[in-house]
Amino acid sequence: MLVKTVFAGFGGQGVLMMGYSLAHSAMSAGYEVTYMPTYGAEVRGGTAHCTVAIGDEEIASPIASQPEYLVVMNGPSLAAFQSIVAPGGAIFLNSSIVNEAPRRNDVEVYKIPAVEFADRLGNAKTANIVMMGALVKKLAIIPQETFLQSIEAILGGRKKSALEINRRAFGEGYNYL
């Protein structure tokens, strides 16, 4: 098994955190993992994307020329990355921000109103975790609790309320699909 995912959006949308949390949780679940972040010089507000490869054997290259999954947080990222998704793959759209549809008809499209869910929870910064809930459910290789434990480990000693809102955000995305 080898599963490749690309995450893309503006800096500040938690794109690199999405990739890191997937990599961390996959490693915690016993898989081989590569994580390769890329971001523009501006960081917040600039472009950011990362690639995560998860396998049950050693991974030869972190490059994902034809990922099975693409998670996009904004319109420009959809335009830039939709063509790289493997036929039969899936694109996850933050439909709160991405209004256009992919030009592809050979991939599954999941429209997740991540910002609306995050706003309803009282913290717009958790939109990325809402998206992760949907992706983790679709991947079906990482147990929910393993992912949530990884978020807690990544956030470290943050307030219990921050951990709880991230758990709730994850649940919103997971239960949406």
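Which residues does N74 touch, not counting residues up to four places away in sequence? The points below take up this question and then the sheet and its helices.

1. Basis of the note. This is a predicted model, in which local features need pLDDT of at least 70 and side-chain atom pairs count only at pLDDT 80 or more, while totals for chains, interfaces and linings use all residues. Residues are numbered from 1 along each chain as its sequence is written, and side-chain values use heavy atoms, with hydrogens and water left out.

2. Surroundings of N74. The residues that N74 touches are A8, G9, F10, Q13, I97 and V98, leaving aside those up to four places away in sequence; contact means heavy atoms within 4.5 Å. N74 sits in the loop between β4 (69-72) and α2 (75-81). Helices (H or I, at least four residues) and strands (E, at least two) are DSSP runs, numbered from the N terminus. N74 counts as buried because its relative accessibility is 1%; the term buried means under 20% relative accessible area, exposed over 50%, and partly exposed in between, with a 1.4 Å probe and protein chains only.

3. Polar contact of N74. The N74 side chain makes a polar contact with the side chain of S77, at 2.5 Å. Such a contact is a pair of N or O atoms within 3.5 Å; within protein, one must be able to donate a hydrogen and the other to accept it, and residues adjacent in sequence count only if both atoms are side-chain atoms.

4. The sheet. An open sheet of 6 strands has the order β2-β3-β1-β4-β5-β6, with mixed pairing. Its edge strands are β2 (32-39) and β6 (108-112), each of which pairs on one side only. Two strands pair if DSSP finds at least two bridges between them.

5. Strand β3. Antiparallel pairing joins β3 to β1 through 9 bridges and to β2 through 8 bridges. F10 stands opposite T47 in β3, and V52 in β3 is the bridge partner of Y35. Of the 9 residues of β3, 7 are buried.

6. Strand β5. Strand β5 (residues 90-94) pairs with β6 in the parallel sense over 5 bridges, and L93 stands opposite K111 in β6. N94 belongs to β5 and is buried, its relative accessible area being 0%. N94 touches V72, M73, I112, A114, V115 and M131, residues up to four places away in sequence not being counted.

7. Helix α1 and its partner α4. Helix α1 (residues 15-28) lies across β1 (2-10), β2, β3 (47-55) and β4, at about 10° to β3. The axes of α1 and α4 (residues 127-139) come within 10 Å and cross at roughly 40°; axes are lines fitted to C-alpha atoms, for helices over the stretch in contact, and angles run from 0 to 180 degrees between N-to-C directions. In this contact, M17, M18, S21 and L22 of α1 meet N128, M131, M132, L135 and L139 of α4. By class, the contact of α1 with α4 has 7 nonpolar, 2 polar and no charged residues; Ala, Val, Leu, Ile, Met, Phe, Trp, Tyr, Cys and Pro count as nonpolar, Asp, Glu, Lys and Arg as charged, and the others, Gly among them, as polar.

8. Helices α5 and α6. The axes of α5 (residues 144-155) and α6 (residues 160-176) cross at roughly 145° and come within 10 Å. The residues of this contact of α5 with α6 divide into 7 nonpolar, 2 polar and 3 charged.
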